[in-house]
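Me: I would like to go through a protein structure step by step. Could you help me read it?

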Amino acid sequence: MSWDELYLETCCRSALHRLVLSGGTGRPVGPPPEGRMPDFRAPLKDRSCLVRLAEMGLARQRKDGRFEITPDGERRHEREILSMRRARRRRQG
């Protein structure tokens, strides 16, 4: 990470990782309307992080309302999230 990059809070790093995991499907926008029974297929509550990631250029919102990762987001994910996983494996192994 360089000094001029904005810091990603833990919740936003998690949202960035979920964007990678969602692939071409993308991430949904928000939770189900109030007053309805929870539907575990419904969108998750990470909209504020997805919006922040989009403002940073790490994600974008498609015309269908779903969010997807950008090339900059993929690079940031590689650098911040996958590198931590590799370091953890080296320490364990």
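Me: What does Leu16 touch, leaving out residues up to four places away in sequence?
Reply: With those neighbours left out, Leu16 touches Leu8, Leu53, Leu58, Ile69, Gly73, Arg76, His77 and Ile81. Contact means heavy atoms within 4.5 Å.

Me: Before we continue, what kind of model is this?
Reply: This is a predicted model, in which local features need pLDDT of at least 70 and side-chain atom pairs count only at pLDDT 80 or more, while totals for chains, interfaces and linings use all residues. Residues are numbered from 1 along each chain as its sequence is written, and side-chain values use heavy atoms, with hydrogens and water left out.

Me: How many helices and strands are there?
Reply: The protein has 3 helices and 2 strands. Their order from the N terminus is α-α-β-β-α. Helices (H or I, at least four residues) and strands (E, at least two) are DSSP runs, numbered from the N terminus.

Me: Which residues of the largest nonpolar core touch the most other members?
Reply: They are Leu8, Leu16, Leu19 and Leu53, in a core of 13 residues. Helix H1 (10-22), helix H2 (47-55) and strand S2 (67-69) each give two or more residues to this core. The largest share, 4 residues, comes from H1. A nonpolar core is a set of buried Ala, Val, Leu, Ile, Met, Phe, Trp, Tyr and Cys residues joined through side-chain atoms within 4.5 Å.

Me: And what share of the protein counts as buried?
Reply: Of its 93 residues, 30% count as buried. Buried means under 20% relative accessible area, exposed means over 50%, and partly exposed lies in between (1.4 Å probe, protein chains only).

Me: At what angle do H1 and H2 pack?
Reply: The angle is about 80°, and the axes are 9 Å apart. H1 is therefore roughly perpendicular to H2, a label used for angles of 65 to 115 degrees; under 35 counts as roughly parallel, over 145 as roughly antiparallel and the rest as oblique. Axes are lines fitted to C-alpha atoms, for helices over the stretch in contact, and angles run from 0 to 180 degrees between N-to-C directions.

Me: Which residues meet there?
Reply: Cys11, Cys12, Ala15, Leu16 and Leu19 in H1 meet Cys49, Leu50, Arg52 and Leu53 in H2.

Me: New topic: where does Thr70 lie?
Reply: Thr70 is in the loop between S2 and helix H3 (71-92). Thr70 counts as buried because its relative accessible area is 7%.

Me: What does Thr70 touch, again without residues up to four places away in sequence?
Reply: Thr70 touches Gly57, Leu58, Ala59 and Arg60. A polar atom of the Thr70 side chain lies 2.7 Å from the backbone oxygen of Gly57. Between the C-alpha atoms of Thr70 and Ala59, 11 residues apart along the chain, the separation is 5.0 Å.

Me: Is Arg76 buried or exposed?
Reply: Arg76 is buried, with a relative accessible area of 4%, and its place is in helix H3. Its side chain makes a polar contact of 2.3 Å with the side chain of Glu80. A polar contact is a pair of N or O atoms within 3.5 Å; within protein, one must be able to donate a hydrogen and the other to accept it, and residues adjacent in sequence count only if both atoms are side-chain atoms.

Me: Where is Arg27, then?
Reply: Arg27 is in the loop between H1 and H2. Arg27 counts as buried at 8% relative accessibility, and a polar contact of 2.9 Å joins its side chain to that of Asp46.
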